[in-house]
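Subject: Structure for you, with notes on salt bridges

Hello,

Here is the structure I promised. My notes follow below it.

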Amino acid sequence: MVNISEFTTRLKQVMEFHQLSASMFADKVGVQRSSISHILSGRNKPSLDFILKVTTEFNDVDMYWLLNGKGSFPKNAETKAANAPTFFNDSSSEKVGKKIQRIVVFYSDGTFDEYQK
């Protein structure tokens, strides 16, 4: 279960890092300004849709860090790049004009790893 007060602290940390006010953050993520206000005040809990919008808009925010504080912020892009599979350098896909941009691996425990070029 998500600790709402800790979640709001982490959400504020993301906003401060990107130098965004609550209203600017809401506009950037694509939610109503009142939604941000209600989440920051602890009145409402964040929905899965909200979490996905935040992590999609801000690539440096790890979902697990945002939800329960495990991991780090901002995401360490160097670690992901070092562990990235060599599929991105595969020249066979370039022959047909297609290049791999992203690979997502889903595990049976509900976690996933995402590799981007």
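Is E57 buried, partly exposed or exposed? E57 counts as partly exposed, at 34% relative accessibility. The cut-offs: buried is under 20% relative accessible area, exposed is over 50%, and partly exposed lies in between (1.4 Å probe, protein chains only).

Some ground rules. This is a predicted model, in which local features need pLDDT of at least 70 and side-chain atom pairs count only at pLDDT 80 or more, while totals for chains, interfaces and linings use all residues. Residues are numbered from 1 along each chain as its sequence is written, and side-chain values use heavy atoms, with hydrogens and water left out.

Now the salt bridges (a side-chain nitrogen of Lys or Arg within 4 Å of a carboxyl oxygen of Asp or Glu). The whole structure has 5 of them.

E57 pairs with K28 in a salt bridge, with the closest N and O atoms 3.5 Å apart. E57 sits in helix α4 (residues 48-57) and K28 in helix α2 (residues 22-29), so the pair ties together parts 29 residues apart in sequence. Helices here are DSSP runs of H or I, at least four residues, numbered from the N terminus. K28 is partly exposed too, at 41%.

R10 and E6 form a salt bridge at 4.0 Å, N to O. Both lie in helix α1 (residues 4-17), 4 residues apart, so about one helical turn separates them. R10 is buried at 8%, whereas E6 is partly exposed at 42%.

R33 and D27 also form a salt bridge, with the closest N and O atoms 2.7 Å apart. R33 is partly exposed at 49%, and D27 is partly exposed at 47%.

Best wishes

Conventions
Helix = DSSP H or I, 4+ residues; strand = E, 2+ residues; numbered from the N terminus.
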